Each structure stands twice: as C-alpha cells, then as structure tokens.
Amino acid sequence: MALYTTIHLHNVPDDKLADYAAWFDGPHREALARLRGLTYAERFELTEAQLGDAYQPWRFMSVYDFDYVTPEIDLPALGPLLADARDSGLIKPDDSERIHSYRLYGDWKGSPNWQRDKPLSGISVLLGNYVAGRFEEYQTWYENVHSIEVANVPGHVAMKRGELSDLQVEPRRYCPGDQLVMTAQQTDDLAFTIGEFVARALGQSPSGIAMEPRSSAGSLARTVHYFRKVSGSEFWPGGVAYAGDWSVYPDKG
C-alpha cells in the first residue's frame, strides 16, 4: 500500500460559491465514495492570517488522501470527478487552477497537542524544494528536528510530507514545489498560532522554546498557504490545542 495526497488548488466564481459547496458535499462525495483507496476528502478556504505576505493565488483547496495498491491505475480516476466541476462552471477559468499529487513519506506525525477525537480547524501547505544534492540532509532535518518543532507550536498538531509524484491528475500544470509539507491545525486563533511559530523560529517566544537554525538544505524557493476547513458537518469547537504551559501566554489566559 502507498499513501498519496492530491491537492486541488482553485478559485470559484463569486456567484457559484453556494453551488460549489453543495456539489462538493453532495454529488462529489457520492462519486468519491466509489474511488478505490480514498481515506479522506475535505475542502478548505484561504484564511486571512498568513505567514508573511506571500502571493496567494488560490482561495480554495480540496485535499484528497488515498492509500493505493495500484496508484498507476487508481490515481488518474480523480481527474474526471474534478472535470465535472470545471465543466459545470464551478471552477473560475482564470488559469490559476492546479492539481498536484504527492507520494507521502508517511501518515500524519502528531504532537501531544493533537486532540484526535476532534476535527482539524485547518491545514497549511508548503510547496517547497531542497537544495540539489542535499536530499538526505533535508529529510533528516525535517523528520528528526523541524517536524517536531512545528507540530508542537500551540494550535499546530501534526505534519506530513511527500514528494511530487510522477503520476498526476490531468490537466498537469507547473508545480513550484517538489516537496509537500502539510501542517494540521486545531485553533480558533490562527494569528496567534502563526505568531508563536515565528517567535519560536526567531528565539523570541515567551515560552523560552527556540527552534533550531533552519537547515540550509532547504531551498528558499518555497511558498506557504494557510487554509481553514469549510466542508462537512463537523468543525473544530474552539480554543487552541496545546499540551504545554499556558501560563507563559498571559494574553491567552
């Protein structure tokens, strides 16, 4: 079995927002149920809070997780289902749509913050790259250091990563990141979560926790996007998931 994630980054015409939501949680979910290997499908919307001021070309992202026996047969089957939305005018024809499939290195790697009995509030995606010739160094840093640091930030609860697959859903378009980093959130104060992530990276957190220096094996050619969950019937009930000491954050008490 092999774990894959396909992300569908897109925009929706303003007058089709309700139609798209109804399609995703109705006919689309019914069609997805017939796909072999599907383990998860949810829809997300870009959040106001972001890490820095990077360009954000997509308002929406859909995430599809699969556990495949024969990915070469089954992965392309998602294409016609997404084409239904495109053909129905639910995807904005602005050439921004992207569909990228990644073979994962592993499933979610959770931290003590993760409240597994509750849904995620959102997911951030980093489309990144490693410096040529330094893949093993990049992997070691992410797996043994950075994934743990990031997932332990208040409101961050888990991380999973993957590499761009040779198999893709058509239409295939340029992807800026060979490496996928997905971070799961359970927070109703994303601005605080992002701010604390930055503070720990800079060694300025009131918690006294400081992240290790960023590995130079990770290329600066990367882009980060935070999205909140907008599909389904279950949503994060509120608060910021954190297993650490809240007393160091007096403003959050």
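Trainee: How many bridges join strand 1 to strand 4?

Mentor: Six, and strand 1 (residues 2-10) runs antiparallel to strand 4. Strands are DSSP E runs of at least two residues and helices H or I runs of at least four, numbered from the N terminus; strands pair if DSSP finds at least two bridges between them. Bear in mind that this is a predicted model, where local features need pLDDT of at least 70, side-chain atom pairs need 80 or more, and totals for chains, interfaces and linings use all residues. Numbering starts from 1 along each chain as its sequence is written, and side-chain values use heavy atoms, without hydrogens or water.

Trainee: Which residue of strand 4 does T5 stand opposite?

Mentor: T5 faces Y102 there. Y102 also stands opposite L164 in strand 7.

Trainee: And how many bridges link strand 4 and strand 7?

Mentor: Three, with strand 4 and strand 7 (residues 156-164) pairing in the antiparallel sense.

Trainee: Why is strand 4 largely enclosed by the rest of the structure?

Mentor: Because six of its seven residues, in the run 98-104, are buried (under 20% relative accessible area with a 1.4 Å probe, protein chains only; exposed is over 50%, partly exposed in between).

Trainee: New topic: where does H146 lie?

Mentor: H146 is in helix 4, which spans residues 135-151.

Trainee: Is H146 buried or exposed?

Mentor: H146 counts as buried, because its relative accessibility is 12%.

Trainee: What does H146 touch?

Mentor: W141 and M211, leaving out residues up to four places away in sequence; contact means heavy atoms within 4.5 Å.
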